[in-house]
Amino acid sequence: MMNLALVKLDDLKTLLAENSIPNETWNSKQAAEYLTTSVSTLLKEVEKGNVPAIRIGKDWKFSSIAMYELLKNGGIKKM
């Protein structure tokens, strides 16, 4: 028996992208490159609580999946 489902192409692309994202830890430079911004802008948004990150010593670390989710959900919302 074969089950068929009708799905939107955009939904299928999103599902495939989510399943292909490796769970990595990025430094500030890598996260800024992914978000196409500067490191200084990224760190300002981290300090405001707009970008999820964890501080380890002097360095900030970012989850690749969290960065993907940030973009997927429309990016940084300005208040």
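Among contacts in the protein between residues at least 6 apart in sequence, 55% link residues at least 24 apart. The model examined here is predicted. It contains four helices and three strands, and the order of these elements from the N terminus is α-β-α-α-β-β-α.

The accessible surface of the protein amounts to about 6200 Å². Carbon and sulfur atoms contribute 57% of that area. Of the 79 residues, 20% count as buried.

S28 belongs to helix α2, which spans residues 28-34. The relative accessibility of S28 is 14%, so this serine is classed as buried, the cut-off for that class being under 20%. When neighbours within four places in sequence are set aside, the residues in contact with S28 are V39, L42, L43, W60 and F62.

Ring geometry was also examined. The count of aromatic pairs comes to one. This pair is formed by W26 and Y34, whose ring centres lie 5.0 Å apart. The angle between the planes is 55°, and the pair is tilted; a stacked pair would require planes under 30 degrees apart, and an edge-to-face pair over 60.

The two partners fall into separate accessibility classes. W26 has a relative accessibility of 12% and therefore counts as buried. Y34, at 33%, counts as partly exposed, because this value lies between the limits of under 20% for buried and over 50% for exposed.

How values were computed
Residues numbered from 1 in each chain as written. Predicted model: local features only at pLDDT ≥ 70, side-chain atom pairs only at ≥ 80, totals over all residues. Heavy atoms only, no water. Helix = DSSP H or I, 4+ residues; strand = E, 2+ residues; numbered from the N terminus. Buried < 20%, exposed > 50% of the residue type's maximum accessible area, 1.4 Å probe, protein only. Contact = heavy atoms within 4.5 Å. Areas by Shrake-Rupley, 256 points an atom, 1.4 Å probe, with all protein chains shown as cover. Phe/Tyr/Trp six-rings, centres within 6.5 Å; stacked < 30°, edge-to-face > 60°.
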